[in-house]
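Please open the model in a viewer and keep the selection tool at hand. The stops below proceed from charged pairs to a helix and then to confidence.

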Amino acid sequence: MIDELRLNTKLIDFEGVIGRRDFCLNIVYLCMISAIFMTPLSLHFASHAQTMVDFFSLNKLFWQASWFMKFWVLAGIAGVLYASLSNWIRRFNDINGYVNKNGNIIIGTFVAIGALSFMFPFGLMLLISLINSIFFLYLVFQKGKVTGNIPYDFRKDFNWGAFFGTWIWGLINKSYKTLWIILLGWTPIGFYYQLLCGLKGNEWAYKNKKWKSDEDFKHSQENQSIAFAVLAVFVFPIVIVAIILALVFALAFAAIDETKTAPDKSSQTMTKVERAVNAYTSLYFEGHTITADENKFYVLPNVWNKYSFSEKKDVLDMAATTAATERSKGGKYSSKTKELPRTKIYSSTNGELLGEFILDEALFETEKPNFKEIFKASMKAYRFYKGN
């Protein structure tokens, strides 16, 4: 029994028990590894979703992936699942204070199903994810009967200053490993590395910098945690919004000033804007035709097929905006919202329809549609097709 309940913080091992902090640390490492294996599949989902509704049918998109991608993802899941299961079981043993074989079998089953939940229908996937999340939180917050008797070590506390401040906090505390966030922050691993900084922050700072006393260390980290939390939650967002507003007002005042000083140049300015729009539009469209009933825009089908759902949506929106600009030249104002339903994307090689915006007619039959109906209709409105 003593051997079965020994402390074991390894990333992969089924023997012994593991405390809350080390459990979270190992799970963060495994999430980083999982993100590497799941990134190609996420890109596949984004590029092959034809409508927003497709994102609620990820299981169908998965089976449409290549055999190599399926093998890559399933191999990664198998490895991460094996390692995760070893940590969940050790944590469960720590909470119980003994090895619960039946409980471990149940945990193993739920963890395995949870890892493959994206292969199930959306509703079932949400239910499985919810159950796993609740049990995961139980493992994190429940004190272990074995590790709960280990003397408290403040160096293993979560450091909110390191979490919010990352590399800036690292420079102050000579913990230069946090600088990796500058690169990793642009990847799917970024958030997990930020969590890693929070979990390892106290340990790094205590080791890499000389402190007068333990109390001095605690006081310093508490002050830094408060400061970086305030900066991250309040100051940084306000500064960013202020900069954006300043730029908007500066451009607005500059436009007003230019109109006052040189009103005769307004037509020339409009011509420059139109030229810029036409130049930008030509990068995406091979040509377009604006008629009374329809706005036809033509693209190369091989290029169109490479676009993700979001990119196709942007192209269709840009086409509607261009159509609205051209129609407004005649003196009758038009907008993107008005032009979107009659704007269509066609193949420049064979005239095949590739994209359109169609709202569900049932929405118009409802006297006062609720938010759910509007949301559902908007998700289905953007319709994209694969060209030949």
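**Charged pairs**

Select aspartate 153 and arginine 155 first: their side chains form a salt bridge, with N and O 3.1 Å apart. A salt bridge here is a side-chain nitrogen of Lys or Arg within 4 Å of a carboxyl oxygen of Asp or Glu. Colour both residues by accessibility: aspartate 153 is partly exposed, at a relative accessible area of 24%, and arginine 155 is likewise partly exposed, at 36%. In these terms, buried means under 20% relative accessible area, exposed over 50%, and partly exposed in between (1.4 Å probe, protein chains only).

The model is predicted; local features need pLDDT of at least 70 and side-chain atom pairs count only at pLDDT 80 or more, whereas totals for chains, interfaces and linings use all residues. Residues are numbered from 1 along each chain as its sequence is written, and side-chain values use heavy atoms, with hydrogens and water left out.

Next, select glutamate 339 and arginine 327, whose side chains meet in a salt bridge at 2.8 Å, N to O. This pair links distant parts of the chain, twelve residues apart: glutamate 339 lies in helix H13 (residues 336-339) and arginine 327 in helix H12 (residues 309-328). Helices are DSSP runs (H or I, at least four residues), numbered from the N terminus. Glutamate 339 is buried, at 0% relative accessibility.

Move to arginine 21 and aspartate 22, a salt bridge with its closest N and O atoms 3.4 Å apart. Both arginine 21 and aspartate 22 are buried.

**Helix H5**

Now select residues 122-141, helix H5, which has 20 residues. From first C-alpha to last, H5 reaches 28 Å, close to the 28 Å expected at 1.5 Å a residue; the expected span is 1.5 Å times one less than the number of residues.

Which residues of H5 are buried? They are Met125, Ile128, Asn132, Leu139 and Val140. These residues lie on the same side of H5 because they cover an arc of only 110° around the axis, taken from the directions from the helix axis to the C-beta atoms. Ile134 and Phe141, on the other side of H5, are exposed.

**Confidence**

Finally, colour by pLDDT, the predictor's confidence in each residue, from 0 to 100. The protein averages 83, and 84% of the residues score at least 70. Confidence is lowest in helix H10 (residues 266-282), at a mean of 57, and highest in helix H8 (residues 190-208), at 94.

Note on methods:
Helices (H or I, at least four residues) and strands (E, at least two) are DSSP runs, numbered from the N terminus.
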